[in-house]
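Student: Could you walk me through this protein chain? I am new to it and would like to go slowly.

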Amino acid sequence: MSLEKFMENALSSWLSTDGPANDIVLSSRVRLARNLNNFSFPTIFSEEEGKAVIELVRQRIKQEPNKEIGRLEMLEMNQLNPLEKRVLVEKHLISPQLADDSASGACLLSENEVVSIMVNEEDHLRIQCLMSGLQLREALQMANQLDDWIEEEMDFAYDEERGYLTSCPTNVGTGLRASVMMHLPGLVLTQKLNHIIPAINQLGLVVRGIYGEGSQALGNIFQISNQMTLGKSEKDIVEDLLGVVAQIITQERTAREALVRTSNIQLEDRVYRSLGILSNARVIETKEAGTCISDVRLGIDLGYIKDISKNILNELMILTQPGFLQKYAGGSLNPRERDIRRAALIRERLNNSKNS
């Protein structure tokens, strides 16, 4: 597997539309934070220690492929250019922090990109498993299997009372962050989401944008994740999140039904106007593209549009980001040039989808 392979394919297997509840839940993610004994944490370690951690990880993956995951490819951040790192961020395979502070950073990727293990981000290891639709239990099972496989050869920093030790106190304990990426246009259009978010926060969960902490909710896509990692088991954290997500799914479907019942022609008009913009625009900004893609995806889910695949829209959600646009252009683009290229790419992909 080469770096170019990871760069070329916008649609990772975890972003396909064959997962459970895929009309609302785009993906599920489980991430485990782990640190190695006898090494300073990445927030304070030396460059030499960082390199030593990378070498230990490299030797571990060389010993034997993981039986469930297969071969993992190591990408060292200091060997990637800024555009390559940005594309990996846009594909949710690495964090912006790893991309920005990458002197001693690396990433391990499985061929299907379901598994991404960040090395020397905020912690020595961030084991991440991504799956399509609502598959949190399955993602947790895979993450735990990888955790056990790594720990066979490495000694993790662990305290009998506190659990796994991490750079940030909010991750101490299980070190687990579980999240789902949800498409919630019904709750946004009916203006009910703003009333739901405070209730979600009171349950120890947090709602963020498409790229996590500090990001915007482009295209009515939100990430919902746990905040607490201490005092609960990994299973309980996942089950609590699943319970809340199930309620949000029900409320989103109810909101969509209400929109169809009370504003059907206006909703259909909105969907087709957005499709018209995507099919014909010569210049389109990221925010407008995200809104229109969301509208068309909703139109597909409601049966208004039957000749466009949701996979195309999931692909466009990634392809229209600045990093991918510049990668395909073969160099840097200014904002105006990106808006023109974004519009051209969307027209081309939609046209190809209808003709296929």
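**A walk through the chain**

Tutor: Helix H8 has a kink of about 110 degrees, centred on Ser263, where the bend at a residue is the angle between axes fitted to the seven residues ending there and the seven starting there. Please keep in mind that this is a predicted model, in which local features need pLDDT of at least 70 and side-chain atom pairs count only at pLDDT 80 or more, while totals for chains, interfaces and linings use all residues. Residues are numbered from 1 along each chain as its sequence is written, and side-chain values use heavy atoms, with hydrogens and water left out.

Student: What does H8 span between its end C-alpha atoms, and what would a straight helix span?

Tutor: Helix H8 covers residues 234–280 and spans only 48 Å between its end C-alpha atoms, whereas a straight helix of 47 residues would span 69 Å at 1.5 Å a residue. The expected span is 1.5 Å times one less than the number of residues, and helices (H or I, at least four residues) and strands (E, at least two) are DSSP runs, numbered from the N terminus.

Student: New topic: how many salt bridges are there?

Tutor: A search of the whole structure finds 24 salt bridges, each being a side-chain nitrogen of Lys or Arg within 4 Å of a carboxyl oxygen of Asp or Glu. One of them joins Glu76 to Arg58, with the closest N and O atoms 2.8 Å apart. That pair links distant parts of the chain, since Glu76 sits in strand S2 (residues 72–76) and Arg58 in helix H2 (residues 47–63), 18 residues apart.

Student: And is Glu76 buried or exposed?

Tutor: Glu76 is buried, with a relative accessible area of 16%; here buried means under 20% relative accessible area, exposed over 50%, and partly exposed in between (1.4 Å probe, protein chains only).

Student: Which residue does Glu152 meet in a salt bridge?

Tutor: The side chain of Glu152 meets that of Arg60, at 3.5 Å from N to O. This pair also links distant parts of the chain, with Glu152 in the loop between helix H5 (136–151) and strand S6 (158–159) and Arg60 in helix H2, 92 residues apart. Glu152 is exposed at 54% relative accessibility, whereas Arg60 is buried at 2%.

Student: Let me ask about His183: where does it lie?

Tutor: His183 lies in strand S8 (residues 176–183) and is buried at 1% relative accessible area. Its side chain makes a polar contact with the side chain of Ser294 at 2.7 Å; such a contact is a pair of N or O atoms within 3.5 Å, where within protein one must be able to donate a hydrogen and the other to accept it, and residues adjacent in sequence count only if both atoms are side-chain atoms. Leaving aside neighbours within four places in sequence, His183 is in contact (heavy atoms within 4.5 Å) with residues including Asn220, Glu252, Arg256 and Arg297.

Student: What is the phi of Asn220?

Tutor: Asn220 has a positive phi of about 60 degrees although it is not a glycine. Asn220 lies in the loop between strand S9 (205–208) and strand S10 (221–226), and is buried at 14% relative accessible area.

Student: Last one: how many disulfides are there?

Tutor: The count comes to 0 disulfides, a disulfide being a pair of cysteine sulfur atoms within 2.5 Å. The sulfur of Cys107 is 12 Å from the closest cysteine sulfur, in Cys129, which is too far for a bond. Cys107 is also buried, at 0% relative accessibility.
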